[in-house]
Amino acid sequence: MYPTGRQQLDPKETSSRGGGGMSQAEFALFHSDRLHSDLEVMGDKIKQHEVNLKSLKTEKNKLDESILDLQVHMSKLHSTRSENTNPLGEEEEEDINEQILRHVNSAAGVLSYVQSHHYSQASQLDMTNGVVGVVAKLGKVSDQNLSQVLSDYLGTTSMLALVYKDYKCVTPLEKYDNQGNVDRNGAIHGLASSIGRTIEGHFDVISLENLRPYVGKRIAGDAQRRLDLPKPKLPNGEYPPGFLGYAVNLIKIEPAYLVCVTAYGYGLRETLFYSLFSHLQVYKTRVDMMSALPCITDDGAVSLDGGIIRKSGIFTLGTRDAVAAAAKVRFAKPSASPGSENYSEAERQMNELRWKKEKTLEAIKRAQVLRDHALYNFGKKKEEIVRCLAQSSYPPNEQMKSPR
């Protein structure tokens, strides 16, 4: 890039010349050589940034192509799935929606109503950006009794909790006045008012990004990415009879939500459902559950016949109220319609591709900032060299005395 044959001057050698110092021209020449060397290093760094940017943009283009190909594939699967729709599966989905909509004065009921009846307008609202869904719709349970007892364990408030990707997406849900009081005419409260409803009491909102995720191992080869949790053991070393598993692993999750729901790549099992259930144990009967008391931890246990231990030493007794049970929101059963598994797997792949593209775009922005910063420093260094070269043209009798 720059001439390499320029004579290198050592200030120690030049200090022995006449006048006891280095001429300003000689010092400027020596300094400019060092600046040229620095400039070459900076130029190499700029090249590295350019290579990195080119590689990231190539990766982004490949992801765009893969997303487009998968969209075409999904449209074909969607057509096939529509032709082979399982009415029972549709009824299950509709039933969960109806259960949520029956809670007309809940945040979940209001948002679900607007999304189902005014989708185009709802998609433009800030409060729908980053929304993943309602807890009750994000997991499915094969056994009706298990669905009921998990609903009892969580309670209606948690089952109707709104789930968002991060806290930035949560903030548009509610506005406050200068005294910190809730603005009943703004955000989701204003939305409720616009359809003739009033959100009553508190409601839960979950930010996935702010949950502490499960970071342990997963069961090898399991398509549902279940967590590899050690089975409980009785004091005699045996496994408790009637133990069916951990609630967090008995929830079936749509493949689209198994990975890459958060910025760190976590799915709903290790974030949402691990936060809700942790190591909650599930037993076949209440008798089995009570026999296993010595190995039930503070995360509690439930049984298919309705037994609930909230945590070690805290028991829920009594029977379900028939009226209250009818108003409960429960998890749906997994759909078994032909082609649904293929479509769900395609959704998972699409979710993963979009996550990778989002990460790549962030990396491109960072690389551009680093490249631009390096270019700026390169320009400043060139200006410094020009000043040094200008100084080297001063008359040779001007000396820069060395310090005594």
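**Entry 1**

The model is a predicted one, in which local features need pLDDT of at least 70 and side-chain atom pairs count only at pLDDT 80 or more, while totals for chains, interfaces and linings use all residues. Residues are numbered from 1 along each chain as its sequence is written, and side-chain values use heavy atoms, with hydrogens and water left out.

I then asked which residue forms a salt bridge with Asp 64. The partner is Lys 357, with the closest N and O atoms 2.9 Å apart (a salt bridge is a side-chain nitrogen of Lys or Arg within 4 Å of a carboxyl oxygen of Asp or Glu). Asp 64 lies in helix α2 and Lys 357 in helix α15, so this pair ties together parts that are 293 residues apart in sequence. Helices are DSSP runs of H or I with at least four residues, strands are runs of E with at least two, and both are numbered from the N terminus. Lys 357 is also partly exposed, at 24% relative accessibility.

**Entry 2: Other salt bridges**

I noted eleven salt bridges in the structure. One of them joins the side chains of Lys 381 and Asp 38, at 3.9 Å from N to O. Lys 381 belongs to helix α15 (residues 340–391) and Asp 38 to helix α2 (residues 24–83), and 343 residues separate the two. Is Lys 381 buried or exposed? Lys 381 counts as buried at 18%, whereas Asp 38 is partly exposed at 35%.

I next examined Arg 218 and Glu 270, whose side chains meet in a salt bridge of 3.1 Å, N to O. Arg 218 is in the loop between β4 (205–207) and β5 (243–246), and Glu 270 is in helix α12 (residues 269–277), 52 residues away. Arg 218 is partly exposed at 25%; Glu 270 is buried, with a relative accessible area of 0%. I also recorded a network of salt bridges with shared partners, which joins Glu 50, Arg 371 and Asp 372.

**Entry 3: Nonpolar cores**

I turned to the largest nonpolar core, which has 69 residues (a set of buried Ala, Val, Leu, Ile, Met, Phe, Trp, Tyr and Cys residues joined through side-chain atoms within 4.5 Å). The members that touch the most others are Leu 150, Leu 162, Leu 268, Leu 272, Phe 273, Phe 277 and Phe 331. A second, separate core has eight residues, including Leu 39, Ile 46, Ala 374 and Cys 388.

**Entry 4: Helices α4 and α10**

I asked at what angle helix α4 (residues 107–117) and helix α10 (residues 187–194) pack. The angle is about 65°, and the axes are 10 Å apart (axes are lines fitted to C-alpha atoms, for helices over the stretch in contact, and angles run from 0 to 180 degrees between N-to-C directions). Ala 107, Val 110, Leu 111 and Val 114 of α4 make the contact with Ile 188, Leu 191 and Ala 192 of α10 (contact means heavy atoms within 4.5 Å).

Methods. Buried < 20%, exposed > 50% of the residue type's maximum accessible area, 1.4 Å probe, protein only.
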